[in-house]
Amino acid sequence: MLDFAGFQFDPRRPFIGGEQVEASTPRLIETRNPSDGETITELPCCGAEDVDRAVSAASVANGGAWGSATATERGRTLSRIGRLVLDCADDLARLEALDVGKPLSQARADAVALARYMEFYGGAADKLHGQTIPFQSGYLVSTIREPFGVTGHIIPWNYPMQIMGRSIGAALATGNACVLKPSEEACLTALAFTELATRAGLPAGALNVVPGLGNEAGAALARHPGVGHLSFTGSVEVGKSIQEAAAANVVPVTLELGGKSPQIVFADADLDAALPFLVNAGIQNAGQTCSASSRILVEAGILDEVVDRMARRYRALRAGPALRDLDLGPLVSDRQRAAVLAYLAQGSSLEEIARGSIARESPGGGYYVEPVLFAGEDARHVLAQEEVFGPVQLVIPFQDENQAVEIANGTPYGLVAGVWTCDGGRQMRLARQLRSGQVFINNYGAGGGVELPFGGTGLSGHGREKGFEALYGMTQLKTVAAYHG
Ligand code: NAD
């Protein structure tokens, strides 16, 4: 048992059936602190056998204590978990900062969001109603929303607490029992959270955590015939394989994939209000955000002013160790840093406007990159089309509204878009014309918005998480037609 930031859990063991158990193989995965590259601990390398045990444990919970709990009882349990998470937010934040290199205040915001998901779905659990449907005389027709039973959740490393919270929050609230496969880069807060949830009274087996490699534990979970619904957040490439696995078992799947999200700035925009969002939405979490705004589309008449003001902000940005809580932390891994540096090398045909710096005291072994702002007219450039997943933004000029929409919609993705303009008609036109799961007008991201349905179109995926909408996705509808004469 290791004592991590106040939590008592063994990072080398999966959580199955309400306790930490031995994994079926002694193989371990080393996990490193991205701020200095030093080894923190090792994780279990769960495989098909462990996933099978976890699905069985979830199935037992579904047929027992968790499945028979009333909606109100489920809601109360989630609310208690939320309170405990909030009480432990500082400790969870330190653990996350250590594990994924996220600056402390950003990690704390994630812990608070995790608590908020538990509160929101705790409150919503007994407010999900069926309907009665007017039908022929002599009938009473109603619909009932039922859980799938066991749900599988495969999540990435960039917002481990938030993505876990939104995915399992909605599943648990609706009476499903979950098997969670966190990313091999980010398992510690998932294990700590499960320990907290158990302390808060979540019945054994309602939440099982199987850390391991994607092509082993993840693939085993995706193809397991005992899983009734799959929820995947991650890359497009892996998302496609998850959809194929779901098709083999004919189960529904929610895919939350990548993005190349634009913010469009018109000449009449309130630039003082827009500027912080333009930059922050690109560099938050060192750009490792699915909804990062990596393209800034600017009306030609104000291009110089916007570029100048963004450049000033960029030159002041500093990356450094997560616990120093600067503007950016390191990237999550050496592999991710190599991938981002390879993209930066392709920026040589663009104009480099400005770059931030790496704080002098940052350990040499950490995975730091300087944030970089580019400008260029080529909306087909690789940096205008592909998801970099690092602190890199590209400013692209446009001449009029039509061209802005054309550029904004000109990638295979469609996750989030922002529009900055004071023209009410234009706001409404763009809200309709932008091919995107979310459109923000005169803001970007609405502070995370636990209540707001979230998901993509095109290569950004399908299905919706967050808000009340996720509760529909985590249930299936049964129609009951009673003939009473
Ligand atoms: P990834 O696809 O490599 O991994 C995501 C998860 O899938 C991990 O748990 C991984 O172990 C697992 N996995 C890998 N191979 C697998 C396989 N063959 N079968 C089953 N599971 C497998 O993604 P990542 O590098 O962890 O995260 C970055 C990506 O996630 C980016 O593309 C980003 O845009 C996307 N993302 C999307 C959202 C969203 O809500 N739309 C949020 C965060 C991240």
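The second largest pocket holds about 750 Å³ of space. Pockets were found on a 1 Å grid over the protein atoms alone, as open sets of points where a 1.4 Å probe fits, with protein on both sides within 12 Å along at least five of seven lines. Volume is the space filled by probe spheres set on the points, which are joined across faces, edges and corners. The model is predicted: local features need pLDDT of at least 70 and side-chain atom pairs pLDDT 80 or more, whereas totals for chains, interfaces and linings use all residues. Residues are numbered from 1 along each chain as its sequence is written, and side-chain values use heavy atoms, without hydrogens and water.

The second largest pocket has 33 lining residues (an atom within 4 Å of a point). Nearest its centre are Gln-162, Gln-284, Ser-291, Gly-447 and Gly-448. Two or more residues each come from α5 (104–124), α6 (160–173), α10 (271–283) and β22 (438–441). Helices (H or I, at least four residues) and strands (E, at least two) are DSSP runs, numbered from the N terminus. The largest share, seven residues, belongs to α5.

The largest pocket has a volume of about 1,400 Å³. Its lining comprises 48 residues, with Trp-157, Gly-234, Ser-235, Val-238 and Arg-335 closest to the centre. At least two residues each are supplied by β5 (28–32), α8 (214–223), β12 (229–233), α9 (236–249) and α12 (334–345). Here α9 gives the largest share, six residues. By class, this lining has 23 nonpolar, 13 polar and twelve charged residues (nonpolar: Ala, Val, Leu, Ile, Met, Phe, Trp, Tyr, Cys and Pro; charged: Asp, Glu, Lys and Arg; polar: the others, Gly among them). The lining of the second largest pocket divides into 16 nonpolar, twelve polar and five charged.
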